[in-house]
Amino acid sequence: MGKSELVASILANPASRHIWAHTDIRRGMLRVLAYHRVLDDDPETFPFDEALISASSEVFQQQMEFVRRNFEVLSFEDLEHCQREGRPWPKRSVIITFDDGYRDNYTHAFPILKALKLPAAIFISTSYMGDCTKLFWWDLVAYCFKHTKRSEVEFPQVHHQPLPLTSARDRHRAILRILRWAKQVPDEVKNQFIDQLAASLEIELPSDIAAGMHLTWEQIKEMADGGIEFGSHTVTHPILANVNEAQLETEICESKKIIEQHLGKEVLVISYPDGRKPHYNEQVQQLAKAAGFHFGIAYEEGPVSEKKCDYFAMPRIHVEQDQTMSLFRANLMFPKIMMMRKNNIQHHRSELHS
Ligand SMILES: [Zn+2]
């Protein structure tokens, strides 16, 4: 058992939970949970980026039941009302969020949320919705490296030596190297690289490679009618600090407009792709504000404090597939203690994705 797990099992044991439930009545702290995918596939044989699977359906159900029993689940609309009317946030408030707009949010997460009557927010990258031909670029990287028959490949711009591809471990390391590099270069350099990747790895991509992968607008509408809020996650999911000013404006403003046209409703919130500084910056925050968003959601870890809240850099509590229920509970009940621990430890997985 790791140290975080040990701390979590002490903090989240039934006795601590009982005391917490009767004593923690502080207001002014909001926990924004960050999910990507809810899926039951085996991560070992998953053909795309398995690090984006936040939980299985069974685990997600347990997590949501715990949240419902112990917290007040809000929407961003509720938060906006509090802000507008100068009302304090409810005690023990939680907002449930999903990034990207994967189809499993509809097939796996939505039925559970609906049955438990929990609101949630899904941040979508609009150009991918309903498209069955185009994978998110990180899924394409994972797919190509997991399917290539080449035993090594050379990308001098990424690494000074050839990348070996003989074992699953090699391929995994190569994927991480590419993802890390692609997040640091100008967006057009990344796109050009991604466009040539399948050819470099001698892969034939099926024309319907993204069948069943992303939400369709019909599903988005159905969920919007069933208590799910939709927010922007830009148009093409670039790292916003890596695009020029004209594209930045398109990514932020167009995504808002497109969702509003489809849903006939104001979009209040944007989540920045891979939202850790320096992936977003002051200019991004200013533009999000000017575009009419009320909230800008980051991917830095922690609870949101009402007193010190920067509404355009709201941190979240990450949910990862390898977390135990104890860790999930402790992260929610005692986020400050848990995040202090976690921020001291380089977290290998969430560092790379959002
Ligand atoms: Zn994302």
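**Domain arrangement and burial in the predicted model**

The C-alpha centres of domain 1 and domain 2 lie 28 Å apart, the domain bounds being taken from an automatic or database domain assignment. Domain 1 comprises residues 3–133 + 213–344, and domain 2 comprises residues 137–200. Contact between them involves 9 residues of domain 1 and 9 residues of domain 2, two residues being in contact if their C-beta atoms, placed from the backbone, lie within 7 Å. The side of domain 1 that touches domain 2 has 5 nonpolar, 2 polar and 2 charged residues.

The structure is a predicted model, in which local features need pLDDT of at least 70 and side-chain atom pairs count only at pLDDT 80 or more, whereas totals for chains, interfaces and linings use all residues. Residues are numbered from 1 along each chain as its sequence is written.

The chain contains 13 helices and 13 strands, assigned as DSSP runs (helices H or I, at least four residues; strands E, at least two) and numbered from the N terminus. Its radius of gyration is 20 Å, close to the 20 Å given by the globule rule for 354 residues, so the chain is as compact as a globular protein of that length; the radius is taken over C-alpha atoms, and the rule is 2.2 Å times the number of residues to the power 0.38.

Of the 354 residues, 41% count as buried, that is, with 20 or more other C-beta atoms within 10 Å of their own C-beta atom. Helix α12 (residues 325–333) is largely enclosed by the rest of the structure, because 7 of its 9 residues are buried, namely Leu327, Phe328, Arg329, Ala330, Asn331, Leu332 and Met333.

Key: Buried ≥ 20, exposed ≤ 12 C-beta atoms within 10 Å, placed from the backbone. Nonpolar A, V, L, I, M, F, W, Y, C, P; charged D, E, K, R; others polar.
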